[in-house]
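Student: Could you show me how to read aromatic contacts in a model?
Tutor: Gladly; let us look at one together.

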Amino acid sequence: MKLRRYPLHFRIIFRKNHLWISQLIGFIIVSSIVISLAIQSMKIFLLYVKIVENKKQVAKIPQEKLLLIHTREELKEKVKISDIIEKFTRGRLTREIRASLVDIVYTNSKTFGYDPLLIFAVINVESYFDPNAKGQYRSGKYSGAYGLMQLKVATAKEVADFLEIPFNGMEDLFKPEINIPLGIAYLTQMVSWFKSLKLGILAYNQGPGTIRKNLREKNELSIGYYTKVLKNYFALKKIAD
């Protein structure tokens, strides 16, 4: 019997006029994989084209406009915080003083990764928002701590030297633009040393030596200051909400 001649693409699945089912299935599977890969490749290509186009569109936005958007959002946050502080202090601060404090606290809080309201809570506990405050012990004797965040001269100088910023002694501690950044930096140092916000806040008030001694001797920690700060913070958050 004469073998019938088939075209090449038929001959790969026909042998002696019989269809090989296994080869047909294999041919279908391979074809499906090829088609699927082609579709996926097309999708990836289209996605790539879209990404490139988006990048081109973003590149067309002026940098000034991006900066303006960022500045506008920051301004909205500051206005909100200013309103919170006004209600919290019951109008004790003038609008100008409040705006200045919000600007300083906001900028430095964001730099060190704090909620600005937490820093305001510390300020209220430390000085009741009085930039000329002088710390006193219960006995009435002056503690040597000054300004909004009640820093001692030696501590402030140590932090200023570490940050490589100028510091000219006690009078600088009555300036919010100096006192607040140094206070936040010192708080950050305490939190970093003890790897705990609670212990850091306690060390800010009692000194790191006292906290280390109590931890070493397993003495009960005096947490009254920490409780006050939290109480003020939650009061601020309540107004914010």
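Student: How many aromatic pairs does the structure hold?

Tutor: The structure holds 4 aromatic pairs. Rings of Phe, Tyr and Trp (its six-membered ring) pair if their centres lie within 6.5 Å; planes under 30 degrees apart count as stacked, over 60 as edge-to-face and the rest as tilted. Phe 120 and Phe 129 are stacked, because their ring centres are 6.0 Å apart and their planes meet at 20°. This is a predicted model, where local features need pLDDT of at least 70, side-chain atom pairs count only at pLDDT 80 or more, and totals for chains, interfaces and linings use all residues. Residues are numbered from 1 along each chain as its sequence is written, and side-chain values use heavy atoms, leaving out hydrogens and water.

Student: Are Phe 120 and Phe 129 buried or exposed?

Tutor: Both are buried, meaning under 20% relative accessible area, with exposed over 50% and partly exposed in between (1.4 Å probe, protein chains only).

Student: Which geometry do Tyr 146 and Phe 174 show?

Tutor: Tyr 146 and Phe 174 are edge-to-face, 5.6 Å centre to centre with 70° between the planes. Tyr 146 lies in strand S4 (residues 142-146) and Phe 174 in the loop between helix H6 (153-163) and helix H7 (176-194), so the pair ties together parts 28 residues apart in sequence. Helices (H or I, at least four residues) and strands (E, at least two) are DSSP runs, numbered from the N terminus. Tyr 146 and Phe 174 are both buried.
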